[in-house]
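Let's take a friendly walk through a protein fold. Have the structure open while you read.

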Amino acid sequence: MAKLFAYTDGACSGNPGPGGWGVVLIARDGQEIVKERELNGGEADTTNNRMELMAAITALETLARRSQITVVTDSSYVKNGVTSWIHGWKRNGWKTASKKPVKNVELWQRLDEAAARHDVQWEWVKGHAGHPENERADALARGGMKPFKDGK
């Protein structure tokens, strides 16, 4: 049975500024790639963290049926947020430990909802370190940002 992976990345020029997100979805049977799909998009005025979240959200929302998937991100913010911090935020009514509102709360809620529909494992990889699929996701994110950056 094929294993499903989503390699996700976000990019931003300025911060805030024009940004983009990218996803490489790959189904593997052992080392053999059975199927792959690339997704990307962007926004005119956003942040890197929002684009990292949008990449993960889009990867999970794209799947039509419940799936086992490994989401690979180079964002500690996404990885730590979804595997650790989110539990306390939800318990505290979407407030941080210091009782401040969680930044990007609508995206965290959307990611939480999307992840609940699947069996998700989260992995972190070092960005810009030659990981082939992470580099592809980064290129897609920069491509998603391009139309918004060119218009500035």
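## Ground rules

Two strands pair if DSSP finds at least two bridges between them. Helices (H or I, at least four residues) and strands (E, at least two) are DSSP runs, numbered from the N terminus.

This is a predicted model, where local features need pLDDT of at least 70, side-chain atom pairs count only at pLDDT 80 or more, and totals for chains, interfaces and linings use all residues. Residues are numbered from 1 along each chain as its sequence is written, and side-chain values use heavy atoms, leaving out hydrogens and water.

## The sheet

Look for an open sheet of 5 strands, ordered β3-β2-β1-β4-β5, with mixed pairing. β3 and β5 (119-124) sit at the edges with a single partner strand each, so one side of each has no neighbour in the sheet.

β1 (residues 3-12) runs antiparallel to β2, joined by 10 bridges, and T8 stands opposite V23 in β2. Next, 12 bridges tie β2 (residues 17-29) to β3 (residues 32-46), again antiparallel. Here A27 faces K35 in β3.

## Two crossing helices

Now find α2 (residues 76-91) and α3 (residues 105-116): they pack at about 95°, with axes 11 Å apart (axes are lines fitted to C-alpha atoms, for helices over the stretch in contact, and angles run from 0 to 180 degrees between N-to-C directions). That makes α2 roughly perpendicular to α3, a label for 65 to 115 degrees; under 35 is roughly parallel, over 145 roughly antiparallel, and the rest oblique.

Which residues in α2 meet W108, L111 and D112 in α3? They are Y77, V78, G81, V82, I86, W89 and K90, where contact means heavy atoms within 4.5 Å.
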